[in-house]
Amino acid sequence: MTKALITGKARVAGVIGWPIHHSLSPLLHRHWLDEYGIDGAYVPLAVAPENLQAAIEGLRALNFVGANVTIPHKTAVMPFLDDLSDKAKQIDAVNLIVNRDGKLWGDNTDGDGFITDVLSTGITPKHVLLIGAGGSAKGVLHALLSHCDLQHLSIANRTVPNAQALAKWAEGLFHMKQEVEVLELTQIADVFSDFDLIINTTSLGLSGAGDMSWPPDNWDFSRLKPDTLVYDLVYNPLETPLLRCAREAGILRRNGLGMLIEQARPAFAAWFGVVPQTSPDLVYDLEKVLLSP
Ligand code: NDP
């Protein structure tokens, strides 16, 4: 692929996080800028928490077309923006900023990225086990309840009050008729069957975290239907310990790389005016980086 030129007219976007050196987003957006021959740039922006407001002012001053926002700034950034989408307000987190004539608008595309990737597998989630109750779980749950007609939802988390708070938020926002089942992580083994979608939104299994007891030995993957989808938001390593267990049991599985790509597509479209496509070349480029030592 030929490299697109960066001229004096280039549109510039970036990703704000702390730290930011692990982010795959610069590579992802560079791939699309080259693929579509767009005069633009996308840069990593390492912003310490105490500099967040100044960094957001800097986006305006430097006439950035926008930015992605990642850990730990997704909620903290909200007061510094001019306007927010309803979804960002509901989820209480922003991962996308668009500069509209000097006004900064915040949105959240994480959940949509997740659901687009899940639905691309052909499954229709009805019975869902959501593991984790942090920021990404909220985006994922918002998307699930916006796009799917769930019959049963269980939320399991290490800290049960966090899962209870997430369940209450979902029940209130979506006027859910069915009650949400809240579990401790240790209770998952007892209910580990009958789900058609199991999602890990915790950081357990992340490369270098050394969680040797994850997933627990007493989860019996043979009790799952082969067309259950086990989805891990973690994508580093590409095959997480949870996905390895799913593979060994012959269960459908997916890591979070598809979600990462799907959440980026509307961002790229908003900044650079082209709706980019996912391609095997793009996935190969990202996987190559993740597989390199
Ligand atoms: P948060 O910090 O908001 O939430 C972390 C969650 O993980 C909480 O439920 C927390 O439980 C749980 N957790 C953390 N450590 C442990 C542990 N040792 N044992 C049990 N539970 C634990 O993080 P996010 O929700 O923002 O991110 C979670 C993961 O999702 C990260 O790995 C992130 O990289 C990934 N992610 C992937 C995306 C993608 O595009 N694929 C997008 C966004 C996130 P508790 O409530 O008890 O603290």
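Trainee: Is the crossing of α5 and α6 left-handed or right-handed?
Mentor: In this predicted model, that crossing is right-handed. Helices here are DSSP runs of H or I with at least four residues, strands are E runs of at least two, and both are numbered from the N terminus.

Trainee: At what angle do they pack, and how far apart are the axes?
Mentor: Helix α5 (residues 135-147) and helix α6 (residues 160-174) pack at about 35 degrees, with axes 11 Å apart. The axes are lines fitted to C-alpha atoms over the stretch in contact, and angles run from 0 to 180 degrees between N-to-C directions.

Trainee: Which residues meet there?
Mentor: From α5 you have A137, K138, L141, H142, L145 and S146, and they meet L166, W169, A170, L173 and F174 of α6. Contact means heavy atoms within 4.5 Å. The residues of this contact divide into eight nonpolar, two polar and one charged. Ala, Val, Leu, Ile, Met, Phe, Trp, Tyr, Cys and Pro count as nonpolar, Asp, Glu, Lys and Arg as charged, and the others, Gly among them, as polar.

Trainee: New topic: how many aromatic pairs are there in the whole structure?
Mentor: The search finds nine. Rings of Phe, Tyr and Trp (its six-membered ring) pair if their centres lie within 6.5 Å; planes under 30 degrees apart are stacked, over 60 edge-to-face, and the rest tilted. For Y42 and W271, the centres are 5.8 Å apart and the planes at 40 degrees, so this pair is tilted.

Trainee: Where do Y42 and W271 sit?
Mentor: Y42 is in strand β2 (residues 40-46) and W271 in helix α9, so to speak distant parts of the chain, 229 residues apart.

Trainee: And which peptide bonds are cis?
Mentor: One joins I71 and P72, with omega about 5 degrees, and P72 lies in the loop between β3 (66-69) and β4 (83-84). Another runs from W214 to P215, with omega near -10 degrees; P215 is in the loop between β10 (197-200) and β11 (229-232).

Trainee: What about the phi of N63?
Mentor: N63 has a positive phi of about 55 degrees, although it is not a glycine. You'll find N63 in the loop between α2 (52-61) and β3.

Note on methods:
Residues numbered from 1 in each chain as written. Predicted model: local features only at pLDDT ≥ 70, side-chain atom pairs only at ≥ 80, totals over all residues. Heavy atoms only, no water. Left-handed = near helix turned anticlockwise from the far one by under 90°.
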